[in-house]
Amino acid sequence: MVSAERASWVPDSVDMSRPNAARMYDFFLGGAHNFEADRQAAQAVLAVAPEVQDAARANRQFLRRAVRYALGRGIRQFLDLGSGIPTVGNVHKIAHAADPQTRVLYVDTDPVVVGHARALLAATDTAAAIEADLRDVAGILGHEQTRRLIDFDRSVAVLLVSVLHFVPGSAGDLAGVLWELMRPAAPGSLLVISHASEVAATEQTEAVRLLYGRTPTPLHLRSPAEIRALSGGSWSPDKAASPFLTGFLAGAAHQPAPPSVDAASTTGAVSAGLRPRNNARFSDNSRARGVPGTPAVRRESRMAPTTGRS
Ligand SMILES: C[S@@+](CC[C@H](N)C(=O)[O-])C[C@H]1O[C@@H](n2cnc3c(N)ncnc32)[C@H](O)[C@@H]1O
């Protein structure tokens, strides 16, 4: 938002003078839904870490790949947590291009994000946005819009793209949250994660961390091992990840198939090296065949929480 005037989708409660991660990300992507304070903070980040802009774009491309992958597996429900300000290539746009009946629920803590998403979705019956913290699993799963749009007896893609590094707490606590989120999901569901990682503390990451410390959602970088462990131990990395995503870990975990699944019949994903459920309802995607390095199928019927290293 270039004008300092309060747009109709900006609630009165929003402090436009304080930078905000959602709107800084919008600025990195070249969007127009950011204020002067966001632009200044984003430019300060780019001054110390210019690659952040390319990383934001690469992350967005990963999101689109993951959505198309899920659609290719027959998934027609998306729970997008930390969805961000709607911008080009939104989940519902990609999903509805493939199947207008696909259900999409956006969840974000930021009232600006939710206000804008609601305005955008006003005429859409198959997608909605709710304001919630992703750690409020009971509140999200019990929300009337969730119950209206998402049927957990059918497979669902749970998207946590570039959001978990804004969520405080130990990796173990976070794994517990993801376990609660995925527990009701049917086999064949997907957990999609991209997460900024920190292999070693540098002056650059410290400077970026300080800048995000001025926003309501400071950065909580985690180690690659901690991030992989969030998947419940079945992490499959995005093999097409751009070099700009080097500071990110991007990939997905497949909700484990039931014990009857024949491991030899599973395939990998084009970009994410994921494992599909062997379910006749879901037509196979020939593009997804033959990707090497697909790990063995786990036999549990639901994802179990892991707090240790993978
Ligand atoms: C960088 S944006 C990512 C947007 C989108 N997922 C993408 O990758 O293009 C991060 C979003 O996460 C939201 N967020 C941060 N902490 C959150 C939390 N605890 N629960 C829900 N959303 C959160 C922010 O408001 C912001 O909109």
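**A colleague's note: strands, a helix and a ligand shell**

1. Five bridges link strand E4 (residues 157–161) to E5, and the two run parallel. To get from E4 to E5 the chain passes through helix H8 (residues 171–182), a right-handed β-α-β crossover. Right-handed here means that, with the strands pointing away from the viewer, the path from the first strand over the helix to the second runs clockwise. Helices (H or I, at least four residues) and strands (E, at least two) are DSSP runs, numbered from the N terminus, and two strands pair if DSSP finds at least two bridges between them.

2. Before going on, a word about the model. This one is predicted: local features need pLDDT of at least 70, side-chain atom pairs count only at pLDDT 80 or more, and totals for chains, interfaces and linings use all residues. Residues are numbered from 1 along each chain as its sequence is written.

3. How many of the residues of E5 (residues 190–196) are buried? Seven of the seven are, so the strand is largely enclosed by the rest of the structure. (Buried: 20 or more other C-beta atoms, placed from the backbone, lie within 10 Å of the residue's own.) Leu 190, Val 192, Ser 194 and Ala 196 sit on one side, with Leu 191, Ile 193 and His 195 on the other. In a regular strand, side chains alternate between the two faces of the sheet.

4. E4 is mostly covered too, with five of its five residues buried. Ala 157, Leu 159 and Val 161 point one way, while Val 158 and Leu 160 point the other. E4 also runs parallel to E1, joined by three bridges, and Val 158 in E4 has Leu 79 opposite.

5. Now helix H4 (residues 91–98), where Val 91, His 92, Ile 94 and Ala 95 are buried. They cover an arc of only 160° around the axis (taken from the directions from the helix axis to the C-beta atoms), which puts them on the same side of H4.

6. Last, the ligand: 24 residues surround it, and Ala 22, Gly 82, Gly 84, Asp 110 and Val 161 are the closest. Near means a C-beta atom, placed from the backbone, within 6 Å. Helix H1 (21–28), helix H3 (51–72) and strand E2 (103–108) each give at least two residues to the shell.

Key. Buried ≥ 20, exposed ≤ 12 C-beta atoms within 10 Å, placed from the backbone.
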